[in-house]
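Please look through the sequence and the model before reading on.

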Amino acid sequence: MAAGKVTKIADFPPFRVGDVFPADQKSAALLRFVVATQPLLTISRLLRTKDSGPVLDQVDGEQMLLAAVADSEEAMDAFRDADALGCFAPIAGTSDDDMKKRLERLRRHSDPKNASSLYKTFIEFARHNAGGHWSDKLVRKELKALEDVKAPVWVGDRADGAAASGYYPLAHELARRMSRIFNVSKQKQLRRVTLLSKLQGDLFHVAGAAYSLALKDAYAKKQWT
């Protein structure tokens, strides 16, 4: 099929991967970023479809937040690597101001050297201690702090934990405490979560834009079969 004018990614015909994304460092960096953003969309969909009752909805929401933080950290790391290789230069050359703002926001909040970035204020710590990775040292510390607490064995339909409609309160409380996400005021927590949600959208949309622009550029230059 000869190359022609297409404006939407859905209009592109199938392409030979090696023609558009050869197995080089830059292509690998961009595709690693695209891959890393996919779980963020899934988590977003799941958060909108939860309906297990107020207690389990809160627990599930907090566990999904921990998962989202871990996935966001991986995506931010991939973003920085791809940015260093110039994968987002085509976005800067477009007239899409919204996408440029997303890119600028990601650069600011993915910067581990920026003490006020979301990455540095809580994402990096939570990812490496209570989301994806779990710190034995912190488990021991929090168990010591909770040693005199009376904890229910299980909350849910089945006391033996065999059913999926419940949770282990001690395990969930350890995750909450270790993450350091929930040890701030409700207002600060809400601000962080709101910004995290916005950055997750930025990650996904910037990945999609870079992927689409790479396809458009390749499509304009060659024929696909």
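E124 is a residue of helix 6, which covers residues 118–130. In this predicted model, E124 is partly exposed, with a relative accessible area of 23%. Leaving aside residues up to four places away in sequence, E124 touches E73 and Y119. The chain also brings E124 to V69: the two are 55 residues apart in sequence, and their C-alpha atoms are 8.4 Å apart in space.

A218 belongs to helix 9, formed by residues 186–221. A218 is buried, because its relative accessible area of 8% falls under the 20% limit for that class. Along the chain A218 is 197 residues from F21, yet 9.1 Å separates their C-alpha atoms. H172, for its part, lies in helix 8 and is buried as well, with a relative accessible area of 7%. The neighbours that H172 touches, not counting residues up to four places away in sequence, are V59, E62, Q63 and Y167.

The accessibility of these residues is set out below.

| Residue | Relative accessible area | Class |
|---|---|---|
| E124 | 23% | partly exposed |
| A218 | 8% | buried |
| H172 | 7% | buried |

The protein as a whole provides the setting for these residues. Its secondary structure consists of nine helices and three strands. Along the sequence, these elements follow the pattern α-α-α-α-α-α-β-α-β-β-α-α. The protein has 225 residues, of which 38% count as buried. Among contacts with a separation of 6 or more, 74% are made by residues 24 or more positions apart.

Helix 3 takes in residues 54–84, 31 residues in total, and its first and last C-alpha atoms lie 44 Å apart. That span is close to the 45 Å expected at 1.5 Å a residue. After helix 3 comes G86, which has a positive phi near 80°.

Helix 3 packs with helix 5 (residues 97–109) at an angle of about 110°, and their axes are 10 Å apart. Helix 3 is therefore roughly perpendicular to helix 5, since angles of 65 to 115 degrees are placed in that class. The crossing of helix 3 and helix 5 is left-handed. Helix 3 brings M76, F79 and D83 to this contact, where they meet L103, L106, R107 and H109 of helix 5. Sorted by class, the contact of helix 3 with helix 5 comprises four nonpolar residues, one polar residue and two charged residues.

A further packing involves helix 7 (residues 136–145) and helix 8 (residues 169–179). Their angle is about 115°, and their axes are 10 Å apart. Helix 7 is thus roughly perpendicular to helix 8. The crossing of helix 7 and helix 8 is right-handed. On the side of helix 7 the contact is made by L138, V139, E142, L143 and A145, and on the side of helix 8 by L174, R177 and M178. By class, the contact of helix 7 with helix 8 holds six nonpolar residues, no polar residues and two charged residues.

Key:
Residues numbered from 1 in each chain as written. Predicted model: local features only at pLDDT ≥ 70, side-chain atom pairs only at ≥ 80, totals over all residues. Heavy atoms only, no water. Axes fitted to C-alpha atoms, helices over the stretch in contact; angles between N-to-C directions. Helix = DSSP H or I, 4+ residues; strand = E, 2+ residues; numbered from the N terminus. Parallel < 35°, antiparallel > 145°, perpendicular 65-115°, else oblique. Left-handed = near helix turned anticlockwise from the far one by under 90°. Contact = heavy atoms within 4.5 Å. Nonpolar A, V, L, I, M, F, W, Y, C, P; charged D, E, K, R; others polar. Expected span 1.5 Å × (residues − 1). Buried < 20%, exposed > 50% of the residue type's maximum accessible area, 1.4 Å probe, protein only.
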